[in-house]
Structures are given as structure tokens and as C-alpha cells.
Amino acid sequence: MKKIVVLISGNGSNLQSIIDACQQNRIHGYISAVFSNKADAYGLKRAEQADIPAYFINPKAHGDRKNYDLALAEAIDLYSPDLVVLAGYMSILSPDFVQHYHGRLLNVHPSLLPKYPGLHTHQRAIENGDKEHGTSVHFVTEELDGGPVILQAKVPIFEDDMEEDVIKRVQTQEHNIYPLVIDWFLNGRLVMDGNKACMDGNMLPPQGYAAE
């Protein structure tokens, strides 16, 4: 069975959606380990509750980002993952790390990429008067939130929305589409070809499959 390693920094709600999908056979694979760069990440407890090996690797013990990522990659490779999944991992990855997992590194980003790379995407969408927002699952490249998009899901923004309202809507969609994309990859339907995402042998458009 195919193996997944998940990287987290916080609450781990997307991690939980992946755990649930594996247990329900909606993902034909299993999580072999979870790693966090934050000792107090609740996602570590979620992993432990599911009997998944869970580790905190302290960035302060490794000097700079390059050395930290080297230590992280060495720890990940002990589990020989078929896929490495970023689930709320709040650290910019070094180019060497990204290249090491080229074509088998996924992220979910809370915006309709290429709009709003980086942080505070929900508030930026509200402040700009957007009528819709959403989330994107994409392959990771060295460009921040710039890898080829695989699948997007849109949500409405209403006039009286607060940031928390939009976050909840977006997270609901993330929990739906991220496990789906992971299963596509593990089943061999989804690959990264050059700097493009390909599904069932067909190159996806820049916004991937847009799920309304």
C-alpha cells in the first residue's frame, strides 16, 4: 500500500480529513508518519490518537533553514514515502528540499491561485471586495504557491462576512478536495510532467479542475 508523510504546523484539520479518508478507504494508502516544526501543534495529537508516528523536529536545533530541511528530509526518508503532503505547514521550503521530492510534494493553499499567494488570503479577498474565494491543491515547486494547480474549489463571500466565516467555508472545501487529489496521485492518475499537472494523461489547464 502506498505511503504518505504529512507535514504540519498547527491544528491539523486537513491532516484529520486525510486520516479519516484513509480509514474510510477513500484514500488507497496510509499515513506512515507526521512531522511538525511546532512542538505544540495539535496535529501531533491527532496523529498519536490515530496510532501514527508523530515527530517534532526543532528548527532551533539545526541553525538555518537549509540544515533544518536536510534533517527533515532525512527523517522523512526513513519512511520511504510515495507522497509528501503539506497540511498547514507554515515554513518556506528550501530549494533542495523541493527538488528532493520533486513531483511527489503536494500543498493546499487557501486561495484561488494565482490570486493571493502567501499569507492572510481570506482577509485580502474581503478587503478587495471579492465575491468569491476558495482553495487550491497544487504541486509544490520552488516558487512560493506557484506550482501547477490540480484542483480548486470556490466559495462565496457575502457582504457581512467576517474573516472567520470565509475561513470556515474554505476549510470545508479543503477537507473535501485534498483527500480526493491525494487518492488520484496514489492511484497513478495524477502526475507532474515538467511544470504541468497531468490527469489521466491529459495536461490540466492553469486552474486545474475547478469544482464549483
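Analyst: Lys3 is found in strand S1, which covers residues 2–8, where strands are DSSP runs of E with at least two residues, helices are runs of H or I with at least four, and both are numbered from the N terminus. This is a predicted model, in which local features need pLDDT of at least 70 and side-chain atom pairs count only at pLDDT 80 or more, while totals for chains, interfaces and linings use all residues. Residues are numbered from 1 along each chain as its sequence is written, and side-chain values use heavy atoms, with hydrogens and water left out.

Lys3 has a relative accessibility of 22% and therefore counts as partly exposed, the class between buried (under 20% relative accessible area) and exposed (over 50%), with a 1.4 Å probe and protein chains only. When neighbours within four places in sequence are left aside, Lys3 is in contact with Tyr30, Ser32, Tyr79, Ser80, Pro81, Asp82 and Leu83, contact meaning heavy atoms within 4.5 Å. Between Lys3 and Val84 there are 81 residues in sequence, and their C-alpha atoms are 8.8 Å apart in space.

From there the view can move to another strand. His109 has its place in strand S5, residues 105–109, and counts as buried because its relative accessible area is 4%. Apart from neighbours within four places in sequence, His109 is in contact with Tyr116, Pro117, Gly118, Thr121, Gly134, Thr135, Ser136, His138, Asp145 and Glu174. Not counting residues up to four places away in sequence, Glu174 touches Asn14, Val108, His109, Pro110, Thr135 and Pro179. Glu174 and Tyr116 are 58 residues apart in sequence, and 16 Å separate them from C-alpha to C-alpha.

Most residues other than glycine have a negative phi, and most peptide bonds are trans. His120 counts as exposed because its relative accessibility is 59%. Elsewhere, Asp200 has a positive phi near 55° and is also a residue other than glycine; Asp200 lies in the loop between strand S9 (196–199) and strand S10 (202–203), and at 41% relative accessibility it counts as partly exposed.

Charged side chains are the next topic. The structure holds five salt bridges, each being a side-chain nitrogen of Lys or Arg within 4 Å of a carboxyl oxygen of Asp or Glu. Side chains of opposite charge can pair when their charged atoms come close. One of these salt bridges joins Asp130 and Lys115, at 3.1 Å from N to O. Asp130 lies in the loop between helix H5 (121–127) and strand S6 (132–139), and Lys115 in the loop between S5 and H5, so this pair ties together parts that are 15 residues apart in sequence. Asp130 counts as buried at 14% relative accessibility, whereas Lys115 is partly exposed, with a relative accessible area of 40%.

Another salt bridge links the side chains of Asp96 and Lys66, at 3.9 Å from N to O. Here Asp96 belongs to helix H4 (residues 95–100) and Lys66 to helix H3 (residues 65–77), so the pair ties together parts that are 30 residues apart in sequence. Lys66 counts as exposed, at 53% relative accessibility. A further salt bridge brings together the side chains of Arg169 and Asp161, at 2.7 Å from N to O; Arg169 is partly exposed, with a relative accessible area of 23%, while Asp161 counts as buried at 10% relative accessibility.
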